[in-house]
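Subject: Structure handover

Hello,

Here is the structure for your files. My notes follow below it.

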Amino acid sequence: NKWLLAAAIDRDLMWRKKPQIYGTQYLVAADNSLELYQMDTTQISDQERIEHGVPVLTELLKQAEK
């Protein structure tokens, strides 16, 4: 499953204190809301996100705002 691969890559980057590249990882904020873990938006294209079953960057950022 390509989504699982993307999530595993992001989780590994997160554990190494580096920005994720696909946008699959969230953190729990102080108010118990979810916030998107920091991202390096220059490494992966929206087409690659789509191929891995991950929303495109603009959608990820919209979801993070909610």
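Aspartate 10 sits in helix 1, which spans residues 2-15. Helices here are DSSP runs of H or I with at least four residues, strands are runs of E with at least two, and both are numbered from the N terminus. This is a predicted model: local features need pLDDT of at least 70, side-chain atom pairs count only at pLDDT 80 or more, and totals for chains, interfaces and linings use all residues. Residues are numbered from 1 along each chain as its sequence is written, and side-chain values use heavy atoms, with hydrogens and water left out.

Back to aspartate 10. The residue is buried and has no salt bridge. Buried means under 20% relative accessible area, exposed means over 50%, and partly exposed is in between (1.4 Å probe, protein chains only). A salt bridge needs a side-chain nitrogen of Lys or Arg within 4 Å of a carboxyl oxygen of Asp or Glu. For aspartate 10, the nearest side chain of opposite charge is arginine 49, 7.4 Å away. On charges, Lys and Arg count as positive and Asp and Glu as negative; His and the chain ends are not counted. Leaving out residues up to four places away in sequence, aspartate 10 touches Gln20, Ile21, Tyr22, Gly23, Thr24 and Gln25. Contact means heavy atoms within 4.5 Å.

Which salt bridges does the structure have? A search of the whole structure finds two. One joins the side chains of arginine 16 and aspartate 12, at 3.0 Å from N to O. Arginine 16 is partly exposed, because its relative accessibility is 45%. Aspartate 12 is also partly exposed, at 38%.

Another pairs aspartate 46 with arginine 49, with the closest N and O atoms 3.4 Å apart. Both residues lie in helix 2, three residues apart, or about one turn of the helix. Aspartate 46 is partly exposed, with a relative accessible area of 32%. Arginine 49 has 1% relative accessibility, so it counts as buried.

Two loop residues next. Proline 55 lies in the loop between helix 2 (46-51) and helix 3 (57-65). Its relative accessible area is 31%, so it is partly exposed. Proline 55 touches Arg49, Leu60 and Gln63, again not counting residues up to four places away in sequence. Threonine 24 is 31 residues from proline 55 in sequence, and their C-alpha atoms are 9.0 Å apart.

Aspartate 31 is in the loop between strand 1 (26-28) and strand 2 (34-36). With a relative accessible area of 58%, aspartate 31 is exposed. Aspartate 31 and tryptophan 15 are 16 residues apart along the chain, and 22 Å separates their C-alpha atoms.

Now the whole chain. It has three helices and two strands, in the order α-β-β-α-α along the sequence. A compact globule of 66 residues would have a radius of gyration near 11 Å; the chain has 11 Å, so the two agree. That radius is taken over C-alpha atoms, and the globule rule is 2.2 Å times the number of residues to the power 0.38. Along the principal axes, the C-alpha atoms fill a box of roughly 35 × 25 × 20 Å. Buried residues make up 32% of the 66 residues. Of the contacts between residues at least 6 apart in sequence, 24% join residues at least 24 apart.

Best regards
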